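This report goes through a few features of one structure, part by part. Please look at the sequence and the model first.

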Amino acid sequence: MNITLSQAEAVIAAARARAEERGLAVALAVVDAGGNLVAFARADGANLITIDTAIGKAFTAVSIGGDSGDLTPAIQPGGPLFGTGLVLAGARSLVPYGGGVLIRVDGRVIGALGVSGAPGSDDDHRIAAAATTS
């Protein structure tokens, strides 16, 4: 089961509202369970890099079956992915920073939301988590 466009737009709207409450200009991407882009929005003033990183964070979440930030420890010194970080970000890139969360309906993964552009990836994660649980 995949997320519908209507569901994706509702998630984007919820995330956008959370970001606007905090005065943050972010990019928002929703992918289906296969990692394919379904909906996207970029706030006025959000940096261009946030486009690819938001999509990449959403793709990462569905790829690993969890939050994109779960990979962050692996890129730290001594970690198995140390040195990889954010080399190239795009629709099919793993982006190992907070802001990508799964979207579930009745416990089943139907897609993921990626958020990028807040001052830190913890802020991106908080926006994404709030939007996918509301």
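## The strand pair

Two strands count as paired if DSSP finds at least two bridges between them. The model described here is predicted. In it, strand 3 (residues 100-105) and strand 4 (residues 108-116) run antiparallel and are joined by 6 bridges. Within this pair, valine 101 stands opposite leucine 113 of strand 4.

Strand 3 and strand 4 form a hairpin, with 2 residues between them. Aspartate 106 lies in the turn and has a positive phi of about 55 degrees.

## Helix 1 against helix 3

Two packed helices are described by the angle between their axes and by the distance between those axes. For helix 1 (residues 5-21) and helix 3 (residues 121-133), the angle is about 135 degrees and the axes are 8 Å apart. The two helices are therefore oblique to each other. The crossing of helix 1 past helix 3 is right-handed.

On the side of helix 1, the contact is made by Val11, Ala14, Ala15, Arg18 and Ala19. Helix 3 contributes Ile127, Ala130, Ala131 and Thr132. By type, the residues of this contact divide into 7 nonpolar, 1 polar and 1 charged.

## Alanine 8

Helix 1 also holds alanine 8. Is alanine 8 buried or exposed? Its relative accessible area is 0%, so alanine 8 is buried, the cut-off being under 20%.

Which residues is alanine 8 in contact with, leaving aside its neighbours within four places in sequence? They are Ile3, Val30, Val38 and Ala39. Glycine 83 is 75 residues from alanine 8 along the chain, and the C-alpha atoms of the two are separated by 33 Å.

Methods. Residues are numbered from 1 along each chain as its sequence is written. This is a predicted model: local features need pLDDT of at least 70, side-chain atom pairs count only at pLDDT 80 or more; totals for chains, interfaces and linings use all residues. Side-chain values use heavy atoms; hydrogens and water are left out. Axes are lines fitted to C-alpha atoms, for helices over the stretch in contact, and angles run from 0 to 180 degrees between N-to-C directions. Helices (H or I, at least four residues) and strands (E, at least two) are DSSP runs, numbered from the N terminus. Angles under 35 degrees count as roughly parallel, over 145 as roughly antiparallel, 65 to 115 as roughly perpendicular and the rest as oblique. A crossing is left-handed if the near helix is turned anticlockwise from the far one by less than a right angle, and right-handed if clockwise. Contact means heavy atoms within 4.5 Å. Ala, Val, Leu, Ile, Met, Phe, Trp, Tyr, Cys and Pro count as nonpolar, Asp, Glu, Lys and Arg as charged, and the others, Gly among them, as polar. Buried means under 20% relative accessible area, exposed over 50%, partly exposed in between (1.4 Å probe, protein chains only).
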